[in-house]
Structures are given as structure tokens and as C-alpha cells.
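User: I would like to go through the terms used for this model and see what each one rests on.

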Amino acid sequence: MGTPPTRLSKEARREQLLDAALTIVRTRGADELTLPTLAEVARVSRPIVYDHFATRAGLLLALYLRLDEQYRDRLAQALRDAEPTASRVARVMSEAYFTCATDLPEFTAVSAALKGSPALEATQRDMVEHYATLMATALRPHSGLDGEALRLRCVGVLGAAEAVAAELNRGRATAEDAVAALTDLILGTLRH
């Protein structure tokens with residue numbers, strides 16, 4: 001007779017389900033991530049999966065937020081470790097942005113699967129605000145701009161970063177070119 005399965009806490013089960021969801025996206029693609037597929041891969045009943053995420057969009061959004069948290073943690077640590085000069089801080093931000101694109105390709109796939117979702121649009125607005133504030137805080141010691149002017153410029157840089165990432169994804173720029181371009185754009189925000 002086998003040992004009974006260990007019962008996980010709700011939070012531990014959610015993490016286990018998100019781990020399984022990430023595996024599905026990595027191995028099969030975001031289109032294959034459904035609640036029934038997740039239940040099968042995670043070896044749990046469908047009601048457990050539905051209890052945690054309710055809908056496919058809810059699952060995708062939870063996975064998107066988890067990937068975003070991983071990126072934010074990496075960026076925050078890189079900024080803490082960076083030499084406190086404007087050029088080094090700008091370079092660290094740029095490297096972190098494009099490393100996320102290469103190290104967390106699931107982020108792009110999950111984002112694409114959520115396109116058109118009102119919940120994603122609201123989440124992305126919040127994320128841009130968070131990143132702009134994070135950037136402005138890191139750059140403030142190197143700029144004579146007031147806080148709001150610097151934050152607004154950081155919002156613009158984030159839009160430019162997305163455009164540069166698209167060029168990188170199309171093969172029209174190398175990773176080093178992308179990092180250099182974004183670093184220059186960030187440094188340009190510091191001028192007034």
C-alpha cells in the first residue's frame with residue numbers, strides 16, 4: 001500500500017500549479033495552456049485548478065504576474081549591486097530589460113496569449129507605472145530633473161525599450177546593440 005499524497009497549503013498548491021503552467025508554456029507553447037491541460041500535467045483534479053484560477057485568462061494573468069515579479073526581483077538586485085554612476089545604472093537597466101526577453105521568453109508568449117484582455121491592459125498600465133517609478137528612483141541621484149519630469153521620461157524610455165526589443169526579436173539588432181541603444185536613451189533622459 002502506497003503512502004497517501006501530501007496535502008499542500010493553498011499557496012503551495014498555487015505555486016505548484018504555476019510551475020506546471022510554466023512548463024507547459026515552455027514545452028508546448030502558450031496556446032496549449034488550458035485549465036484541463038494544467039490539471040492533467042499537475043496531476044490534480046480540474047476543480048482544484050478552477051478553484052485557483054477560474055478561467056484561462058485568470059491562469060495566464062497569474063503566470064504573467066509571476067514572471068513579472070521574477071523580472072522585478074532581478075532588476076532590483078542588479079540595481080542594488082550596480083556601481084552608483086549614471087552610466088552603470090543605465091547599463092544595468094538596459095541589460096536587465098533585454099536579459100528578461102532572452103531568459104524569460106515565456107513572458108512574451110503569455111503576454112501575446114492575453115492580448116485584448118482588459119485585465120492585462122490594467123496590469124500593464126500598473127507595471128509601466130511601477131517600472132517608471134523604479135527607474136526614476138534609481139536615476140534621481142544622477143539627474144537635476146524634478147521627480148515627475150524624470151518619471152515621465154522613464155515612461156517614454158520604456159516605450160522605446162519595447163520598440164528596440166521588437167527590432168531585436170526581428171533580428172534587425174544584436175543584443176549588444178539593443179543594450180547600447182537603450183543605455184544611451186536612458187542617459188539622454190537625465191539631461192534637462
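User: What are the ground rules here?
Analyst: This is a predicted model, in which local features need pLDDT of at least 70, side-chain atom pairs count only at pLDDT 80 or more, and totals for chains, interfaces and linings use all residues. Residues are numbered from 1 along each chain as its sequence is written, and side-chain values use heavy atoms, with hydrogens and water left out.

User: What makes residues of H3 buried or exposed?
Analyst: Buried means under 20% relative accessible area and exposed over 50%, with partly exposed in between (1.4 Å probe, protein chains only). Val49, His52 and Phe53 of H3 are buried. Helices here are DSSP runs (H or I, at least four residues), numbered from the N terminus; H3 spans 46-53.

User: What do the buried residues of H3 pack against?
Analyst: They pack against H1, H2 and H4. Contact means heavy atoms within 4.5 Å. H2 (residues 35-42) has its own buried residues, among them Leu35 and Leu38, and their cover includes H1, H3 and H4.

User: Which residues does leucine 38 touch?
Analyst: Leaving aside neighbours within four places in sequence, leucine 38 is in contact with Leu17, Ala20, Ala21, Ile24, Val49, Phe53 and Leu59.

User: What makes a set of residues a nonpolar core, and which members touch the most others in the largest one?
Analyst: A nonpolar core is a set of buried Ala, Val, Leu, Ile, Met, Phe, Trp, Tyr and Cys residues joined through side-chain atoms within 4.5 Å. The largest has 60 residues, of which Leu38, Leu63 and Met93 touch the most other members. H4 gives the most to this core, with ten residues.

User: Why is the largest pocket called a pocket?
Analyst: On a 1 Å grid over the protein atoms alone, a pocket is an open set with protein on both sides within 12 Å along at least five of seven lines, whereas in a cavity a 1.4 Å probe fits but cannot get out; lining residues have an atom within 4 Å of a point. The largest pocket is therefore an open set by that definition. Its lining has 30 residues, with Tyr64, Tyr97, Phe107, Gln124 and Glu162 nearest its centre. H8 gives the most to that lining, with nine residues.

How values were computed. Helices (H or I, at least four residues) and strands (E, at least two) are DSSP runs, numbered from the N terminus.
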